[in-house]
Amino acid sequence: MSDLKIECEEDFAVRPIEEAFSARLKGDAPLAAELVFTDEEGIRALNAKERGKDAVTDVLSFPNLDGILGKELKKEDFPYDLDEDGRLFLGSVVICRKRAEEQAEEYGHSLKRELYYLAVHGLCHLLGYDHETEEDKAEMRAEEEAVLSAMNIGRDAV
């Protein structure tokens, strides 16, 4: 089990996410990630700059580590990726709050559920999950659902 700490300057309860992921991750490295909320202009600019897509999106992930999917995360394997607190930095997740609001309404569930889903989705990307192939997508969706379930966040979450 690895202890995950999510830095977030917004008023957003990250503790349920930290606990759910911490219980699922293996290794001796305490982990860190950053969660940032932005507006449509901010996410569009990031998407254009980093992915060459001039469009608003719901969530972007910026992994710090490569090739870690399913691996035990040990401090000794990543001596140059530790932050000032000795935590292994996984990367950053950026969420567009306006797009999350629209999607919550579109999908018929709460904003809370949508924000948690997007945060979990982004963190899964930081851990090496992807959805480029159907097999990868199924594996990522299973992990997302397992984490959301551990958080008691279903589609009907308020």
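Predicted model: local features only at pLDDT ≥ 70, side-chain atom pairs only at ≥ 80, totals over all residues.

User: Which residues of α5 are buried, and what puts them on the same side?

Analyst: The buried residues of α5 are M140, E143, E144, V147 and L148. Around the axis they cover an arc of only 130 degrees, so they lie on the same side of α5. What places them there is that arc of 130 degrees.

User: What span should helix α5 have, and how far apart are its end C-alpha atoms?

Analyst: Helix α5 runs over residues 134–150, which is 17 residues. At 1.5 Å a residue, these should span 24 Å. The end C-alpha atoms agree with this, being 24 Å apart.

User: Which residue just after α5 takes a positive phi?

Analyst: The positive phi is about 60 degrees. The residue that takes it, just after α5, is N152.

User: How many aromatic pairs are there, and how is the pair of F12 and F37 arranged?

Analyst: Rings pair if their centres lie within 6.5 Å, and planes over 60 degrees apart count as edge-to-face. By this rule there are two aromatic pairs. In one of them, the rings of F12 and F37 are 5.2 Å centre to centre with 65 degrees between the planes, and the arrangement is edge-to-face.

User: Where in the chain do F12 and F37 lie?

Analyst: F12 is in the loop between β1 (4–7) and α1, while F37 is in strand β2 (residues 31–38). The pair therefore links distant parts of the chain, 25 residues apart.

User: Why is the pair of F12 and Y116 tilted?

Analyst: The ring centres of F12 and Y116 are 5.1 Å apart. Y116 lies in helix α4 and F12 in the loop between β1 and α1, so this pair ties together parts 104 residues apart in sequence. The planes stand at 45 degrees, so the pair is tilted.

User: Is Y116 buried or exposed?

Analyst: Buried means under 20% relative accessible area. Y116 has 5% relative accessibility, so it counts as buried.

User: Which residue has its charged end over the ring of F37?

Analyst: F37 belongs to one aromatic cluster with F12 and Y116. A charged end sits over the F37 ring, 4.5 Å from its centre, and it belongs to R97.

Methods:
Residues numbered from 1 in each chain as written. Heavy atoms only, no water. Helix = DSSP H or I, 4+ residues; strand = E, 2+ residues; numbered from the N terminus. Expected span 1.5 Å × (residues − 1). Buried < 20%, exposed > 50% of the residue type's maximum accessible area, 1.4 Å probe, protein only. Arc of directions from axis to C-beta. Phe/Tyr/Trp six-rings, centres within 6.5 Å; stacked < 30°, edge-to-face > 60°. Lys NZ or Arg CZ within 6 Å of the ring centre and 35° of its normal.
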